[in-house]
Amino acid sequence: MLPQSRLHLTCRSCQAQARAPRSYHHQAQTVVRGAPSPATTSGGVGVLSSLAEETPAEGQEQDGQTQMERPGRMLLLSELRVRNAAYDVSLSRSVLTWKRRTSSTVYHPFRPRFCVPSFPRRRPDPGVGHTVSVSEILSVREEEENSSRRRDDGSWKKIKEREGKDCGPAFTVSYVERSPHHRWRCAEVTFACPEEALCQHWVSSIREQLATIVSRPKRLLVYINPYSGKRQGKRIYERKVAPLFSQAGVSTHVIVTERANYARDHLKTGAELQKFDGVVCVGGDGMFSEIIHGLIWRTQIDGGVDPNCPEEALIPCTLRIGIIPAGSTDCICFATVGTNDPVTSALHIIVGDSQPMDVCSVHHNNAFLQYSVSLLGYGFYGDVLTDSEKKRWMGPARYDLSGVKMFLTHHYYEGTVSYLPAKGIMGTPRDAARCRSGCVVCQHNRQLLPEKAEMYEVDEASGSESDSEWRTLRGKFLAINAASMSCACPRSPKGLSPAAHLADGTTDLILVRKCSRFDFLRHLLRHTSKDDQFDLAFVEVHRVRRFRFTPRHCQSDSDLDLRENGKHQIFSQICRDHPACGCAPAYSSWNCDGEILNHTAIDVRVHCQFIQLFARGIEEPKVFEELPNPCAI
Ligand SMILES: Nc1ncnc2c1ncn2[C@@H]1O[C@H](COP(=O)(O)OP(=O)(O)OP(=O)(O)O)[C@@H](O)[C@H]1O
């Protein structure tokens with residue numbers, strides 16, 4: 001137990017104590033009696049400097065008072081013990097910091113509970129400190145004095161950290177710790193306190209700070225597709241996600257879907273959305289598509305907007321969506337979090353992250369077809385999906401087999417593409433920079449949008465939009481792809497359009513014209529190499545706000561869909577089903593985020609930052625490389 005005299009506590013509500021010293025340095029020297037001055041040790045200096053950094057500008061010299069007289073965001077500072085070692089622990093509004101005191105007689109390097117050391121033991125670093133953002137603290141709990149607690153699986157476990165001397169009052173903080181490859185884990189640290197009152201004060205102070213984070217969801221509506229991927233959706237949710245939600249005090253209403261489109265229909269009509277802070281889908285991209293269709297539709301209907309009209313200004317969805325990856329294709333999760341890991345996604349939901357995302361609306365002859373957030377692909381990717389649907393029994397391997405088959409059949413399709421280029425924006429599809437967490441390109445282009453939208457409206461009203469802005473291309477295409485995000489996934493880490501942005505109000509229109517099989521293979525292989533996949537004579541890419549496609553056979557027939565066009569349909573279907581006849585089919589299908597569209601003539605419009613996800617975008621690697629805690633890696 002620490003002697004009472006060694007405890008020092010600074011609290012916003014205890015101004016008298018905080019005002020007494022002239023500086024943090026001075027305060028530490030005067031309050032921590034009976035111990036070497038922290039300012040004279042490396043540990044002390046580190047703590048004090050981190051506190052100084054945390055003090056806001058408005059806390060600096062005002063009315064002749066020093067920073068210490070107006071402690072700003074610093075709330076608590078105590079000497080506590082972690083695994084028998086003394087630490088200076090401080091709490092501000094933004095960070096919790098603990099730093100080992102060099103005066104401590106026993107040194108046990110701190111490690112989070114989950115961490116298995118995978119590197120040779122280092123010599124203790126006297127300056128080792130840990131800083132956790134308050135926004136990434138999941139929960140805090142007071143430990144019971146009998147040193148045991150119930151585990152998530154219901155069994156009882158002895159807490160190793162509390163064995164030995166520190167069996168008095170203690171509290172445990174659970175927080176987000178970064179692992180390689182953008183994975184997040186829940187780590188814990190237990191602080192032993194010299195007395196019960198101090199322990200309770202720390203717990204209530206941390207809870208108070210957590211309560212101020214209004215972006216955190218408190219109640220979630222969860223849809224689980226039990227047939228996603230390897231049919232593990234329910235298990236993944238129950239084992240990996242539900243315990244974290246419950247630990248963080250997030251309540252849930254869970255619905256296991258009973259059929260395809262169950263979640264979409266429930267969201268459209270039945271769900272009491274006002275009761276929830278967000279919707280979570282447990283499944284793959286198909287399940288996510290269901291969720292956004294239900295939510296967007298419901299938002300428009302509630303707001304009195306006709307979703308069928310391609311020219312309508314749609315109302316953005318405010319309810320955030322979380323994705324727990326459990327499907328065979330989890331591209332959207334990968335693009336927005338950087339990994340397909342249920343625990344990481346659950347932690348992003350708990351901390352209340354927000355990532356805006358563009359949505360494309362797809363219409364045919366003024367009738368709404370579908371929304372898309374990742375890939376709209378005609379030709380190669382449409383054919384791969386059509387073929388793979390017949391092989392669902394094979395599982396995810398069906399995509400590889402159909403990919404090889406469609407590459408060998410090498411079909412091209414004739415048609416006309418018209419597009420509205422995204423002018424005056426920051427960024428191009430050939431940029432080396434990537435869309436990352438807090439992307440400035442997305443923020444900049446979003447700000448431009450109201451002006452541009454007005455300009456388009458004016459043009460449309462005067463009937464001149466198509467003349468002045470639209471561009472038209474005709475030709476034979478092996479593939480026409482519109483990538484609204486990079487479409488990176490574990491198989492294709494660069495994606496179809498590596499520099500595409502999640503939320504800049506544009507889509508990258510990639511046109512692969514008729515070429516030899518060898519050239520097409522070169523293009524495909526560049527998706528996985530460092531070479532630029534657009535730097536080929538038969539490939540062009542345009543960043544656009546809107547585009548239309550009309551297959552050749554529809555052009556003479558006022559955009560009538562092929563499926564309504566008897567003769568062509570019959571022959572094309574025969575050619576598609578029996579490629580051995582040697583005759584190329586006249587049409588392909590659109591692959592819209594993994595679903596096949598019923599029409600080939602389409603009008604696509606991008607809606608900037610139309611939905612919000614519980615995600616942060618992909619963080620730059622340095623975020624976890626620079627962590628002070630060596631156990632994090
Ligand atoms: N209870 C259910 N029974 C059958 N199908 C369902 C059910 N719930 C949802 N679905 C449908 O299953 C389809 C595939 O779901 P999901 O995307 O979650 O899994 P997946 O394995 O990744 O599939 P895919 O790779 O084909 O997208 C979705 O289109 C969804 O509408």
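1. Around the ligand there are 21 residues, the closest being Gly283, Gly284, Gly286, Met287 and Gly327; a residue counts as near if its C-beta atom, placed from the backbone, lies within 6 Å of the molecule. This is a predicted model, in which local features need pLDDT of at least 70, side-chain atom pairs count only at pLDDT 80 or more, and totals for chains, interfaces and linings use all residues. Residues are numbered from 1 along each chain as its sequence is written.

2. Helix H7 (residues 285–302) contributes the largest share of this shell, 4 residues. Helices (H or I, at least four residues) and strands (E, at least two) are DSSP runs numbered from the N terminus. By class, the shell comprises 12 polar, 5 nonpolar and 4 charged residues. Here Ala, Val, Leu, Ile, Met, Phe, Trp, Tyr, Cys and Pro are nonpolar, Asp, Glu, Lys and Arg charged, and the others, Gly among them, polar.

3. The UniProt record, an unreviewed entry, places "domain: DAGKc" at residues 215–366; such annotations may be inferred rather than shown by experiment. That span is 38% helix and 22% strand, and its end C-alpha atoms lie 38 Å apart.

4. The domain assignment gives domain 1 (4–213), domain 2 (214–354 + 614–633) and domain 3 (358–607), with bounds from an automatic or database assignment.

5. Between domains 2 and 3, 24 residues of domain 2 are in contact with 29 of domain 3 (C-beta atoms, placed from the backbone, within 7 Å). On the domain 2 side, H7 and helix H8 (331–337) are the elements giving two or more residues, and H7 gives the most, with 6. That side has 11 nonpolar, 9 polar and 4 charged residues.

Methods:
Two residues are in contact if their C-beta atoms, placed from the backbone, lie within 7 Å.
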